[in-house]
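Colleague: I would like to learn how to read a model like this one. Can we go through it feature by feature?

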Amino acid sequence: MNIGIPKEIIPGETRVALSPADVRRYLQKGHKIFVETGAGERASFQDQDYINAGAKIIKNTQKLFDSAEVILKVQPMNKKNK
């Protein structure tokens, strides 16, 4: 399954849906992980941490959503934060 992790855009949100350690666990189960550029920065994870864990970094939000079968987020999506 292709799993996408977008950057959280709600002001003040510092969490990210998956840590690099979580990415490794999902990859071991056969999933592919796509992480939006900067998604983990507020949680003190750099893009390189996700690359080292095996995720693919995607710069374009729409491409991330198009590449994923499932999107994991901390905050729910609505019309205001899509």
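Colleague: Start with glutamate 8. Is glutamate 8 buried or exposed?

Modeller: This is a predicted model, so every value here is computed from predicted coordinates. Burial is read from relative accessible area, and under 20% counts as buried. Glutamate 8 has 2%, so glutamate 8 is buried.

Colleague: Where in the fold does glutamate 8 lie?

Modeller: Glutamate 8 sits in the loop between E1 and helix H1, which spans 20-28.

Colleague: Which residues does glutamate 8 touch?

Modeller: For contacts, look for heavy atoms within 4.5 Å. Leaving out residues up to four places away in sequence, glutamate 8 touches Glu13, Arg15, Arg42, Lys73, Val74 and Gln75.

Colleague: Which backbone nitrogen does the side chain of glutamate 8 reach at 2.7 Å?

Modeller: That of valine 74. The side chain also reaches the backbone nitrogen of glutamine 75, at 3.2 Å.

Colleague: Now charges. How many salt bridges does a search of the whole structure find?

Modeller: The test is a side-chain nitrogen of Lys or Arg within 4 Å of a carboxyl oxygen of Asp or Glu. The search finds 3. In one of them, the side chains of glutamate 8 and lysine 73 meet, at 3.1 Å from N to O. This pair links distant parts of the chain: lysine 73 is in the segment after strand E4 (70-71), and the partners are 65 residues apart. Lysine 73 is partly exposed, at 22% relative accessible area, whereas glutamate 8 is buried.

Colleague: With which residue does arginine 15 form a salt bridge?

Modeller: With glutamate 13; their closest N and O atoms are 2.8 Å apart. Glutamate 13 has a relative accessible area of 8%, so glutamate 13 is buried. Arginine 15 has 47%, so arginine 15 counts as partly exposed.

Colleague: Where do arginine 25 and aspartate 22 lie?

Modeller: Both are in helix H1, 3 residues apart, about one turn of the helix. Arginine 25 is partly exposed at 48%. Aspartate 22 is also partly exposed, with 21%.

Colleague: On to the nonpolar side. How many residues does the largest nonpolar core have?

Modeller: A core is built from buried nonpolar residues joined through side-chain atoms within 4.5 Å. The largest one here has 11 residues, including Ile3, Val16, Leu18, Ile33, Tyr50 and Ala55. Strand E1 (2-5), strand E2 (32-36) and helix H2 (47-53) each supply at least two of its residues.

Colleague: Which residues does leucine 18 touch?

Modeller: Beyond residues up to four places away in sequence, leucine 18 touches Ile5, Val23, Tyr26, Ile33, Tyr50 and Leu72.

Colleague: In what order do the elements of the protein run?

Modeller: From the N terminus, the order is β-α-β-α-β-α-β. That comes to 3 helices and 4 strands. Sequence separation is the next thing to check. Among contacts between residues at least 6 apart, 72% join residues at least 24 apart.

Colleague: What radius of gyration does the protein have?

Modeller: Set the value against the one for a compact globule. With 82 residues, such a globule would have a radius of gyration near 12 Å; the protein has 12 Å, so the two agree. The C-alpha atoms fill a box of roughly 35 × 25 × 20 Å along the principal axes. Of the 82 residues, 32% count as buried. The accessible surface is about 5200 Å², and 49% of it belongs to carbon and sulfur atoms.

Key: Residues are numbered from 1 along each chain as its sequence is written. This is a predicted model: local features need pLDDT of at least 70, side-chain atom pairs count only at pLDDT 80 or more; totals for chains, interfaces and linings use all residues. Side-chain values use heavy atoms; hydrogens and water are left out. Buried means under 20% relative accessible area, exposed over 50%, partly exposed in between (1.4 Å probe, protein chains only). A polar contact is a pair of N or O atoms within 3.5 Å; within protein, one must be able to donate a hydrogen and the other to accept it, and residues adjacent in sequence count only if both atoms are side-chain atoms. The radius of gyration is taken over C-alpha atoms; the globule rule is 2.2 Å times the number of residues to the power 0.38. Accessible areas come from the Shrake-Rupley method with a 1.4 Å probe; for residues, only the protein chains shown count as cover.
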